[in-house]
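Hi,

Here is the structure I promised to send over. Have a look, and my notes on what turned up follow below.

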Amino acid sequence: MLVLSRKKDEKLMIGNEIEVQIVKISKDSVRIGIKAPNNVSVHRYEVYESIREANLAATKSQLPPKKAFKSLLSTLAQKPK
């Protein structure tokens with residue numbers, strides 16, 4: 001992990017397109033501004049984790065039961081008469 005020190009209004013760049021600026025520094029928090037292309041998702045970590053968990057749960061709920069899946073595969077593997 002790269003750790004940098006920045007003061008209020010200072011910026012840093014991630015690649016050529018993502019700009020991060022320190023907007024406000026309080027006693028117990030730092031407010032940052034992020035400029036990124038529309039195709040780059042930017043989320044707080046806890047939001048990102050929630051999205052990731054929801055996506056994982058959605059993929060699991062769409063998988064057929066193992067027995068049904070094996071049956072389907074064996075049916076597809078049979079040659080037509």
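Starting with the sheet: strand E2 (residues 18–25) and E3 run antiparallel and are joined by six bridges. Strands here are DSSP runs of E with at least two residues, helices are runs of H or I with at least four, and both are numbered from the N terminus. Two strands pair if DSSP finds at least two bridges between them. One of the partners to look up is Ile22, which bridges to Ile32 in E3.

This is a predicted model, so local features need pLDDT of at least 70 and side-chain atom pairs count only at pLDDT 80 or more, while totals for chains, interfaces and linings use all residues. Residues are numbered from 1 along each chain as its sequence is written, and side-chain values use heavy atoms, with hydrogens and water left out.

The open sheet has three strands, ordered E1-E2-E3, with antiparallel pairing. Strand E1 (11–14) and strand E3 (30–35) are at the edges with a single partner strand each, so one side of each has no neighbour in the sheet.

On to the rings: there is one aromatic pair in the structure. Tyr45 and Tyr48 make up this tilted pair, at 6.2 Å centre to centre and 40 degrees between the planes. (Rings of Phe, Tyr and Trp, the last by its six-membered ring, pair if their centres lie within 6.5 Å; planes under 30 degrees apart are stacked, over 60 edge-to-face, the rest tilted.) Because they sit three residues apart in helix H1 (residues 45–61), about one helical turn separates Tyr45 and Tyr48.

Cheers
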